[in-house]
Amino acid sequence: MKKILIIGIGAGNPDYLTVQAIDALNRADVFFVMDKGAAKEKLVALRKHIIERFVKGRDYRIVEAASPERRRDASDDDYRVAVDELNRDKQQIFARLISESMRDGEVGAFLVWGDPSLYDSTIRILEAIRAQGGHTFEFDVIPGISSVQALAAQHRIPLNQIGKSIEITNGRGIVDGFPQGVDTVVVMLDAKHAYKHLAHEDLDIFWGAYVGTPDEILIAGPLREVMDEIERVRDEARRTHGWIMDTYLLRRR
């Protein structure tokens, strides 16, 4: 039977890899690498660097495939539809890779940025492929250091306050206000500077982009005092690199 490993490789620094992840890398016969185009070639290069650095004394193959893109013209109401379309496209590609690029008894690996359980669809996609039938394989999930953990570490702050709750959401989750019943909110996938909707609230923000990489940028302070700087720096970084991966934490003061 074929075996798939979904390996969390951390938030950008190869040193974030766990011993379990390194052991998993050394079990793989084939690594599947999704290419997201020239603008994100650093993401492919990082995965290849990790493989070359940590895999020792065994032969392996790297199979690349073009990664489909989500429709960016989708309205907020159509967002879920656009994500479902993206995952269906990925499902077809993953199924083809497993069918055509692996032999029975081999181990294949998908290297997932951050942690596979947090804002990533690889687990759901592989479950959908198995549910459809026609592809027989097992898979294991190896956790990784997420951008949320890396952000807190780089800002030297704990994620939670003593006895308090936190919420992890996306930009859409704070447009209508700071979530009730929590003192700390971590926001991922915010392409529209949603934090500006909370400028009237007494909040601190801890923002980071490309956390753990040589391009890392960190900004922190009272939200209303630093939000314009974050917007300027973020937009400039996106123009410079062609893409951006950022996360931020909001906390009641």
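**Notebook: a helix pair and a cavity**

Helix axes here are lines fitted to C-alpha atoms over the stretch in contact, with angles from 0 to 180 degrees between N-to-C directions. I am working with a predicted model, where local features need pLDDT of at least 70, side-chain atom pairs count only at pLDDT 80 or more, and totals for chains, interfaces and linings use all residues. Residues are numbered from 1 along each chain as its sequence is written, and side-chain values use heavy atoms, leaving out hydrogens and water.

**Entry one: the helices.** I looked up α3 (residues 79-100) and α4 (residues 122-132), named as DSSP runs (H or I, at least four residues for helices; E, at least two, for strands) numbered from the N terminus. Their axes come within 9 Å and cross at roughly 65°. The pair is therefore roughly perpendicular (65 to 115 degrees).

Next I listed the contacts (heavy atoms within 4.5 Å). Asn87, Lys90, Gln91, Phe94, Ala95 and Ile98 of α3 meet Thr122, Ile125, Leu126, Ala128, Ile129 and Gln132 of α4. By class, that makes 7 nonpolar, 4 polar and 1 charged residues (nonpolar: Ala, Val, Leu, Ile, Met, Phe, Trp, Tyr, Cys and Pro; charged: Asp, Glu, Lys and Arg; polar: the others, Gly among them).

**Entry two: the cavity.** I then searched for cavities (sets of points on a 1 Å grid over the protein atoms alone where a 1.4 Å probe fits but cannot get out; lining residues have an atom within 4 Å of a point). The count is 1 cavity of 30 Å³ or more. The largest cavity holds about 60 Å³, a volume being the space filled by probe spheres set on the points. Its lining includes Ala11, Trp113, Ser147, Tyr210 and Asp246. Strands β8 (203-209) and β10 (246-252) each supply at least two lining residues. I noted 6 nonpolar, 3 polar and 1 charged residues in this lining.

How values were computed
Angles under 35 degrees count as roughly parallel, over 145 as roughly antiparallel, 65 to 115 as roughly perpendicular and the rest as oblique. On a 1 Å grid over the protein atoms alone, a cavity is a set of points where a 1.4 Å probe fits but cannot get out, and a pocket is an open set with protein on both sides within 12 Å along at least five of seven lines; lining residues have an atom within 4 Å of a point.
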